[in-house]
Amino acid sequence: MPSNETTDRKIMDKKVIDISGEIVNPDNLKEESRENNNTDPNYWRSFRELHNDPEFMKLKAREFADGALDKPDLNDMSRFSRRKFLALLSASAAVAATGCSNYRNQGLLVPYNKKPEEISVGLPTYYASTCNGCEYACGVLIKTIEGRPIKVDGNPDHPVSKGKICAIGQASVMNLYDPERLKNPVERPDKINSNEIQWGVADEKIISQLKAAASSGKEIAIISNTINSPTLKKALDDFKTVYPTAKVYSFELFDESTRRSAWEKSYGNQNLPIVQLDKAKVILALESDFLGNEGNKIENSMMYVKNRDAYKGEFNRLYSVEGNATITGMNADYRIVLRTDAIEEFVYALMIEIIGREKISGFSTDSTAMSRLQKHDMTNFIAKYGISKTAVDHLISDLKKNQGASYVLAGSALPESTHIAVNLLNEALGNNALHSKDQSRISLVPLSPKSEWEALISSMKGGRVGAVIHLDSNPAFVLPSDYRYTEALKGVPLVISLSEQINESTAVSNFVLPINSMFESWGDYQTRNTFLSLQQPVIAPLYDTRQKEEIILAWNSGSKDSYNKDIYRNYLQANWRTTVLAAQNTDMLFNTAWNAGLNDGVVRVTTTSSAGTADVPATQQVFKPEAFVATSTLMTAGSNFVLLLTQNGNLGDGRFANNGWLQELPKPLSRVVWDNYAAISVQSAKALGLESSDLVKITSSAGALEIPVFIQPGVAEGVIAVQLGYGRSECGIVGKDVGFNANSLVSKGAKLSPWLYDNVTVEKLGGMHEIVSTVEHYNIEEPLLKDIQFRRHIIQEGTYLQYKADPDFLRKKHGDNEYESINKQYEHTGTKWGMAIDLNKCIGCGECVIACNVENNIPIVGKDQVQKNREMQWMRIDRYYSGTPEDPKTSFQPMLCQHCDFAPCENVCPVAATTHSADGINGMAYNRCVGTRYCSNNCPYKVRRFNYYNFRDRFRDSIQQEESFSLMANPEVTVRSRGVMEKCTFCLQRIMEERAHAIKDNRQVIGSNVKTACQESCVTSAIVFGDSNAKESELHKLIHSDLSYTVLDEIKVKPNITYIAKLRNVYETENTEAKH
Amino acid sequence: MIMKNGLSSTNYNKDILSSEKIGRKKFFLLTGIAALGTAVLSAIPFGRKVVAGSTKQESIKISPNPHAVKRNNRQENNG
Amino acid sequence: MKNFLLDYTLKVRLPILIFTVLAVFVITYYVSYAERNGVGYGPVQPIAYSHKLHAGTMKIDCRYCHTDVDKSRHANIPSASVCMNCHTIARKDKPEIIKLTDYYTKGIPIEWNRVHRIPDFAYFDHSVHVNKGIDCSNCHGNVAEMDVVSQVKDFTMKACLDCHRNPEANIRNIIPGKEDVKINNGPTNCGSCHR
């Protein structure tokens, strides 16, 4: 707008002139300066200024020169404004940023550099080995994939475990990959701080100190759990040669000491026989949890269920007399609830009825024995303790009828006097016929008796012990607290612990040396006289660890440089060359024989010359009846509480406390997770005013303990039972401070037995510690819930005699509810996957749950989430009580996704994430699931599990996200994240594997080739999976058998899982509990 | 006397925008939304978190033991 | 003036903007479909291995190197030791072979850039397809003619299902020796691929 411009300037000029007129007037200035007598000279910069040129004066007043303030010529300017420039800059930056990522990059494919011959990518390789979980050394098959062990199952060649393994064995994979395993040797000079050292340095220091101790006559004590490895024993013998003051001590938390000492008194030796329970028609279990916790429970369970098949053979009958509530008792046909300290009197009363009143053929006891028995009488006993006369009468008559085909098992916790009495009873009944004649136990190194321990402790205190070596053992936690072991250890200058994880013993050691897990170790084991079991490493040690035998060998040689990574393998082979394989008397090359042994995992031997002690075979046991007479003590029932300390099936003696799967496995009866508790009876709880989770103080002659109670139906009044192995104080993050350490209640000088104490007081403290159970702990007498399992036909039971009389009784009782189904029925031709679970064989042990966890990458969720019913186990064992709370009957039922043909969950998924396949499987597509949870809402069996959190991230500072944990995952099963629903898939990955084999061999899929994880692990073979359309298969026969039923069958969802009704072998032909 | 500064030349901004300066309301609205967006994005990790361990270098070396003997079948070996 | 600007923005500029964005998005989506699903992706590999030379000219069977393709789910990339079966002697002076030998002797596994990949939630089983006689070229294209392996077929679920539902029309080549194996319709239930 030019016109404005000139007028503006004019206005400006005018104003300038005005200003200039005022200010720059040289004459005025001169005048003023003369007037003021100012002597400042007149400054001028140019002639124009000097002469006060009027034009110049105008210019001077203006700040900007001509044209400087002209509006810019738009034609001169660039088309590219600042704004445009900035916009383009940011746009190009954005484009560059998005274009930066190579969205087509599919990652890397990295093959082996030199592929080992055994490995096929994606195919598993199996190795036979031996388990180290407990002293029974069962054989295992380890499944590895690309070099990583991911699953452990039983070795079918092992004569004792016969292809099965317990929960501890199944979960042992997690022990290998535990991120909190010890990884480097550490030295702890003041037993407080640790610094890492090299193996060579540690060896050198230790060898010099050991040599010094030996030469100065100080004892070197090696403390271990049961030593059942012949080669380890040899290495220890060599150690004792090099260090002459060395002594080996061994211990177990539950060592059957009373049973063995009783056997010694009765038979003159400590070689307990192997009882062939599968030949027994009647079994009496006196406080004996032989199916759950005592002895080799795998062997026991397999022998027991041989005679519990409804369609084959005759049922045996199990009687149980116990004060604690155990799964053996709950599986019994007749269970007599009796406080533990009354059991010995019961045995006496039984003996008087059986031996006293009627002379048993061929057996005579002398009058002294008889006179001892005469004081007891069964009728009085029944009246005094209020037990069922019917049950006792049946027991007596059964025992008398089945002499030589029955057995009385006394529990390990019972005192020596009871065991002696039971030995007499078994002999009288001729039950020694059940003792195995061709198999006997081998104990290479007997466990150290109390006298040896006390001598050791006093030597330690007196400074006569120069070194203590904990050989993969934890005496600071396990030994009875009144040995005061940890305090005595302070007097020992050198304490070395060889361990896989931190524990209470490593916390008080000078050297903590990490050892290999069972997957990384060589070994050989002998528990029976007929075979040896080999152990081979399937993976090189993950960390800087050594095998405990290797460490011993390095110390034996006296020089740290003798170690190389094959040292124990060579030693083992050398030992075998001279002992085992030499005795085989074959002309097979050693290497062939060795490899054959490793392939099978088990080598049969005919002589025990390679082993330790020459045992007395079963046939040569001579009974000494005078032992009974010589017994001076008799356990009698008191009026105070009696305390029973029991084994827990999951954590061993506490060494597996850091294994989250085992902690989260519910205990069979109480279904409690993550804690131990004091099991107390309903009556005692009422008397003391206790509710579950209330804290009590238990005081015995050994010590005191504060622990929460749990009201357990079926516990006898006056009995309080606590599980040992909990309350680890020095442990990884998972197991630390979980549960309560009942070790303070174990005494070395117990009157009855180390696990049974009378005169115990229980007092209620205030406060509580929440005990979390996976089953709602409801009052079983509440009207709405009482016998719900029978009213809804979830549990259908009968008696064996009833079944014999009328095989069709179950169908007649429940009928076939012929309601109309709203679904269109259709025929499934071709393969149809189904499962049958035999409730006669299911003892409720929970192995199937752990196997499913390992196979399907189930996360651990922690106690707080289990409380909200958010445990992620796909399979659960439902446990129902019926009858009275004081003396209930228990029914177990494994519950998993029923794969219903008309699944209510499939209809309601808004995104069709769960669909039914033509072969009967209800599948789950995790990638489609949006987490509506409508399917779980609709499931009548409530078997769907939802990932409310990414539990791997959430539990215990994301320990499950550690690198080593991810190595444990089964690569064939998706690892689920937050927001996704999951459930049992019938091991679809195994079905697809079978399908791939079938296509490779150009044949049809054979249903019985597929073994689901739960089926494979079930010790009693209660679970059968397969093709229900295959007419000759076992599954088909089971589904169409007389006792089969489906759960909640009136809602017509057609589940693919069939249950076989439990038959209790009682004399009554009507199952009086299940009246509905 | 009004001293008008030489720079009262803002009048030709009008040529460019043909409107007044961006309204104060609009300005605050836009900056408010920007601030809110930044706050939301920084508080809620919309898929930004990478699962721990997925990008880490494998420090555990897995190697099978060369002396181990594999088993060919899972069935009983007639042993 | 203010109202006019706001109006203008809402009535004219905003719809134009929305339309442009949507149009661009939709067109890009469909045009880039093949590329996004991997078709044509042929990355440069650490060693310039040519299938054209080995599988084409020299007629080496696919299964000589990819040994587990008829045994397991994965068609394994051969380890360096397989290459060295021949290349300890064959052309051992050529630069690429020197590179290979270097990897082998140093024990460093070769990091190949993966070409064919389906998401982790889908479990594909090679052995099932190969044992039915479906030749590698049906899905991977004529690899024997490729110097650099690139993906020719998009591995979307739709592509898989098309073949499962109509195998006769989609399978072009059969592995020699497996002509008499009957190929039924492939499974279409979710569990067959998504466990």
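Helices (H or I, at least four residues) and strands (E, at least two) are DSSP runs, numbered from the N terminus. On that basis, the secondary structure of chain B comes to two helices and one strand. This is a predicted model, in which local features need pLDDT of at least 70 and side-chain atom pairs count only at pLDDT 80 or more, while totals for chains, interfaces and linings use all residues. Residues are numbered from 1 along each chain as its sequence is written, and chains are lettered from A and ligands numbered from 1 in the order in which they are written.

**Chain B**

- The elements of chain B follow the order α-α-β from the N terminus on.
- Chain B has 79 residues, of which 5% count as buried (20 or more other C-beta atoms within 10 Å of a residue's own, with C-beta atoms placed from the backbone).

- Four strands form an open sheet in the order β4(A)-β3(A)-β2(A)-β1(B), with antiparallel pairing; two strands pair if DSSP finds at least two bridges between them.
- The edge strands, β4 (148–154) of chain A and β1 (70–71) of chain B, each pair on one side only.
- Seven bridges link strand β2 (residues 124–130) of chain A with strand β3 (residues 139–145) of chain A in the antiparallel sense.
- Opposite Tyr126(A) stands Lys143(A) in β3(A).

**Contact between chains A and C**

- In this interface, 33 residues of chain A are in contact with 36 residues of chain C, contact being defined by C-beta atoms, placed from the backbone, that lie within 7 Å.
- On the side of chain A that touches chain C, the elements giving two or more residues are β1 (108–109) and α37 (988–1000) of chain A.
- The largest share of that side, six residues, comes from α37(A).
- By class, this side of chain A has 16 nonpolar, 13 polar and four charged residues (Ala, Val, Leu, Ile, Met, Phe, Trp, Tyr, Cys and Pro count as nonpolar, Asp, Glu, Lys and Arg as charged, and the others, Gly among them, as polar).
- Strand β1(A) and strand β1 (residues 112–113) of chain C run antiparallel and are joined by two bridges.
- Leu109(A) has Trp112(C) as its bridge partner in β1(C).

**A helix pair in chain A**

- Helix α21 (residues 548–557) of chain A packs against helix α22 (residues 567–578) of chain A at an angle of about 85°, with their axes 9 Å apart; axes are lines fitted to C-alpha atoms, for helices over the stretch in contact, and angles run from 0 to 180 degrees between N-to-C directions.
- α21(A) is therefore roughly perpendicular to α22(A) (65 to 115 degrees).
- Glu549(A), Glu550(A) and Leu553(A) in α21(A) meet Ile567(A), Tyr568(A) and Tyr571(A) in α22(A).
- This contact of α21(A) with α22(A) has four nonpolar, no polar and two charged residues.

Conventions. Angles under 35 degrees count as roughly parallel, over 145 as roughly antiparallel, 65 to 115 as roughly perpendicular and the rest as oblique. Two residues are in contact if their C-beta atoms, placed from the backbone, lie within 7 Å. A residue is buried if 20 or more other C-beta atoms lie within 10 Å of its own, exposed if 12 or fewer, and partly exposed in between; C-beta atoms are placed from the backbone.
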